[in-house]
Amino acid sequence: MKARTLKRDKVNIITLGCSKNMVDSEVLSGQLHANEIDVVHESGKLDHNIVIVNTCGFIDKAKEESINTILDQVNLKKRGKLDKVYVTGCLSERYKQNLEEEIPEVDAYFGTMELPQILKKFDIDYKAELVGERLLSTPSHYAYLKISEGCNRTCSFCAIPLMRGNHVSKPIEQLVAEAEGLVKRGVKEVMLIAQELTYYGLDLYKKRELPKLLHALADIKGLEWIRLHYAYPSKFPMEILDVIRERDNICKYIDMPLQHASNNMLKSMRRQITREEMTQLVHDIRERVPGICLRTTLITGYPGETEADVEELKGFLQETRFDRVGIFTYSHEENTSAYDLVDDVPAEEKERRAQDIMEVQQEISLEKNQEKIGKTFKVLIDKRESGRYLGRTEFDSVEVDNEVVINTTKRLPIGEFVNVKITKAYDYDLEGEVVEDGIIDMIKNLF
């Protein structure tokens with residue numbers, strides 16, 4: 001009977017939130033698959049009988065989306081379309097007791113680090129020998145590689161340490177083995193993710209070892225692009241830049257969330273850095289790695305933020321001219337130190353300020369894109385959509401950054417590289433045509 005039950009079960013994993021959550025879902029699916037349980041990611045079909053919702057609890061909008069998704073799945077269960085609904089992830093970690101009281105129809109709630117307990121619900125045990133084995137939910141040519149868990153920073157607005165705990169680095173040899181496994185499966189681009197990349201190694205090796213990890217990953221044959229996400233600006237280890245400059249397969253790209261530029265805001269946010277130090281850091285990074293793409297994220301509407309603070313942030317963007325910028329409106333999160341402050345900027349005003357700042361960045365982005373017209377770039381083809389191909393340069397991460405639109409009647413294999421000459425520029429995207437050398441390179445890559 002047990003064998004028939006396991007064979008009958010089909011699990012759909014719904015992942016909300018960040019790429020770190022996505023990796024957790026992929027690891028979970030790998031464990032289920034290894035135990036001969038049928039599992040899919042984000043299935044639109046109703047041919048499964050169990051759903052696991054991997055939630056996000058970072059800010060209000062994410063929490064709302066997570067709750068609505070849980071309620072949708074519970075409704076399907078009530079209608080007899082599902083047998084079980086399980087909930088895991090950050091929202092469940094942070095609000096487990098409240099959720100159990102408010103949505104008791106969920107069969108079980110789990111925290112962020114309770115994978116073995118989830119597997120127990122399927123009468124299976126966690127298999128340590130499967131470390132690094134994942135069922136990718138991304139296209140087969142790129143994947144995320146989580147190099148650490150948690151965070152030791154004390155930023156006033158951030159609830160991540162409440163949900164993910166303190167920083168814990170994965171050993172270098174484990175990450176290299178994981179990356180090698182991904183490459184064997186056809187992955188060409190690996191995006192390194194962590195709540196705080198630059199802290200990597202301090203807990204394991206008693207010193208920052210991201211440069212050593214980067215060298216080890218760059219040695220992997222067949223790994224074409226290595227991309228860095230979420231570097232903290234305070235005490236930034238400059239030796240990382242030497243590795244980026246020296247190794248061709250490490251993208252000239254750093255995602256470094258700065259959050260603000262007003263010293264008043266930075267101090268209240270507990271960012272451990274000043275505007276002047278950030279300006280100097282950006283200058284030094286560009287000097288050490290000419291042509292590097294810098295991405296940042298910012299927050300508007302933090303408690304006490306004034307119009308003068310917003311104008312200072314605009315001026316900072318015009319001065320530093322970041323290549324990529326993302327913006328969040330402040331979310332007042334309980335149990336963070338900022339929660340003791342008065343959330344005194346109305347929601348509409350937060351949105352207005354965010355829009356004003358993005359208009360400043362929009363002009364910068366267009367100007368930087370126009371500088372690329374006539375130049376040729378190595379482009380990774382991500383997909384074909386509406387009769388055209390969409391790809392990215394090394395200066396663009398998936399989903400959050402620019403795309404290169406390629407109109408051609410020739411077949412371009414998804415997941416391969418081509419050389420593209422840029423012919424048009426828009427606010428956030430580029431358009432181009434494949435040059436002959438690119439086709440030759442593409443054919444070489446096929447054999």
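## Exercises on a predicted protein chain

In this structure the sulfur of Cys-56 lies 6.0 Å from the closest cysteine sulfur, that of Cys-90, which is too far for a bond; a disulfide is a pair of cysteine sulfur atoms within 2.5 Å. The model is predicted, so local features need pLDDT of at least 70 and side-chain atom pairs count only at pLDDT 80 or more, whereas totals for chains, interfaces and linings use all residues. Residues are numbered from 1 along each chain as its sequence is written, and side-chain values use heavy atoms, with hydrogens and water left out.

**Exercise 1.** Compare the radius of gyration of the protein chain with that of a compact globule.

*Solution.* 
- Step 1. The radius is taken over C-alpha atoms, and the globule rule is 2.2 Å times the number of residues to the power 0.38.
- Step 2. For 447 residues a compact globule would have a radius near 22 Å; the chain has 23 Å, which agrees.
- Step 3. Along the principal axes, the C-alpha atoms fill a box of roughly 65 × 60 × 45 Å.
- Step 4. Of the 447 residues, 54% count as buried.

**Exercise 2.** Locate Glu-36 and Tyr-230 among the secondary structure elements, and state the phi of each.

*Solution.* 
- Step 1. The protein chain has 15 helices and 18 strands; helices (H or I, at least four residues) and strands (E, at least two) are DSSP runs, numbered from the N terminus.
- Step 2. Glu-36 sits in the loop between helix 2 (19-34) and strand 2 (38-41).
- Step 3. Although Glu-36 is not a glycine, its phi is positive, about 65°.
- Step 4. With a relative accessible area of 69%, Glu-36 is exposed.
- Step 5. Tyr-230 belongs to the loop between strand 10 (225-228) and helix 10 (239-246).
- Step 6. Tyr-230 is not a glycine either, yet has a positive phi of about 70°.
- Step 7. Tyr-230 is partly exposed, its relative accessible area being 24%.

Note on methods
Buried means under 20% relative accessible area, exposed over 50%, partly exposed in between (1.4 Å probe, protein chains only).
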